[in-house]
Amino acid sequence: MKIDQLVISTQARNSWKSFDLGCRMAMTWWRQLYGFLLVVTFPVFVLCQLVSVEFGIFILWWCKPLFERGLLYIFSRQVFGQQISASNAIKAWPSQLKLNWFQSITWRRFSPSRGFDLAVTQLEQLTGEKRASRLAVLHRTADNNNAWWLIICVHWELFILMGLFVLMDMLVPSGVEFDFFKVLSSETLAIELGTNLFTYLAILLIAPIYIGGSFAAYLNRRIILEGWDIELSFKKIQQNSLQKFASVIVMVFTLGLSFNMPETAAQQSDETLQTPSNTEFEQAALLAPEAESIERHVEINQNLQEVLQAPPFNQNEMVRTWRWTGWQWESKSDEQPDLSVFATIFAFIAKFLEVILWVVFISLLLWLLWLSRFRIASLANIKLPTKTLIDMPSFGQHRTHKDLPKDIPSELRLLMSQQAYRQALSLMLVSSLMNLQVRKLISLNKAMTEQQCLTAINRSLEGESKVFMVELINTWIQLAWAHRWPQPEKMQALFVTWTQLYATPTTKSDV
């Protein structure tokens, strides 16, 4: 990523200006965005209608985060000056779905900052704790309006949907007896297909705008946190300094050449003085068209005055009271207002909310089952794999179980061959303490020091394991605190003993 190739300004903005910038980007690259979205979503829309006319559009709406990854791919390339066509985005779209696609259409589907968070998952390729910590940094601002941006885009979709319904009503000729709202409230196949088509068009029109605004807000947060504008300013200062230095060199070179060419300059000045002047002819040629235009203007004004003085333009009328010159509406008190349009809208909203409530109910049920999995397993006499929480002392917290290499013996052999004794002792100590805790032979906590660990080991262990751990911790104390480098023979003996006692790797499923 080269920030000097950005096609947008790197000035810091508030969130609303960022959303406006995203709309501008969507308008600029609309061919690629809507071309990709139409080619990818229309076959899915047709397939969903063939599967279920009633719930097909809901299935398409639910899978919308998968299509939004292609839109983000286009924005992320175009904003750095890389030209991406719709066909290129379609080819690259499957590769953008590999990371966390299932999470995008399940528990992250209703996230209020879904579009903003997508950039961290797709562009930065972060998952798990790294993704959570990164999002915590990006969202740590008082100007976080991503949820409001989502609400605004949802309202835009509803406005477009209502506008399409009103447009269909306006296209019906006035002389034809056609009650649009009665037809809309009917449950015929054609009406349901038309409603689904209008909903699809509303989703299609707003999706690039939503992703563009969210991506612009993400870029703005990175500009503020990482100081992209400051970095570019320093680069411009450096370029200007180089240009000024080059200009000084060119100036010095030009002055050096001018001292060697006095005769040529004098000859050119003499030729300039001997050239005859034609200023009088030029002034005459310029004044002639100007005089003609003035005469033409006067003639046009005279003709306009004659037209304005002739009827009907010469009639003046002064009106002192307000009066309505439009249609005269006649009140018909006997007719009842037609509320079928409101009934149709409420029925559509109720159907949509019914689906949402069922999804929320099923999600809550699955969540409760997941929380009660151990109790259910005990009732069914099923043993579930459990994780043992390992609490390492303070001197061993620089390594966690996830950071340990998969093949610890091979890593230790490599460190021993390189005489990296500090890393080898650290790896042997941490892996041994973890192994003992997993086997529940000793109990440690974060506040314990090396001496306290020795006390716990003397109290809990016996035999060769106890002797080895005491020797290992004492060697670590001598190296870490007294900076006394151990002898190679001693390190080799510790490695051989460790291989005999703890070479069996502890699987991560146990931790």
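Which residue's side chain does Lys490 meet in a salt bridge? The partner is Glu471, at 3.1 Å from N to O. A salt bridge here is a side-chain nitrogen of Lys or Arg within 4 Å of a carboxyl oxygen of Asp or Glu. Side chains of opposite charge can pair when their charged atoms come close.

The model is predicted, so local features need pLDDT of at least 70 and side-chain atom pairs count only at pLDDT 80 or more, while totals for chains, interfaces and linings use all residues. Residues are numbered from 1 along each chain as its sequence is written, and side-chain values use heavy atoms, with hydrogens and water left out.

Lys490 lies in helix α21 (residues 488-502) and Glu471 in helix α20 (residues 463-480), 19 residues apart. Helices are DSSP runs (H or I, at least four residues), numbered from the N terminus. Lys490 is partly exposed at 35% relative accessible area, and Glu471 is partly exposed at 34%. Partly exposed lies between buried, under 20% relative accessible area, and exposed, over 50% (1.4 Å probe, protein chains only).

The whole structure holds seven salt bridges. Another one joins the side chains of Arg134 and Glu124 at 3.0 Å, N to O. Arg134 sits in helix α8 (residues 128-138), and Glu124 in the loop between α7 (114-122) and α8, 10 residues apart. Arg134 is buried, with a relative accessible area of 18%.

Arg134 also meets Glu226 in a salt bridge of 3.4 Å, N to O. Glu226 belongs to helix α11 (residues 189-226), 92 residues from Arg134, and is partly exposed at 36% relative accessibility. Glu124, Arg134 and Glu226 are linked with Arg222 in a network of salt bridges.

How values were computed: Helices (H or I, at least four residues) and strands (E, at least two) are DSSP runs, numbered from the N terminus.
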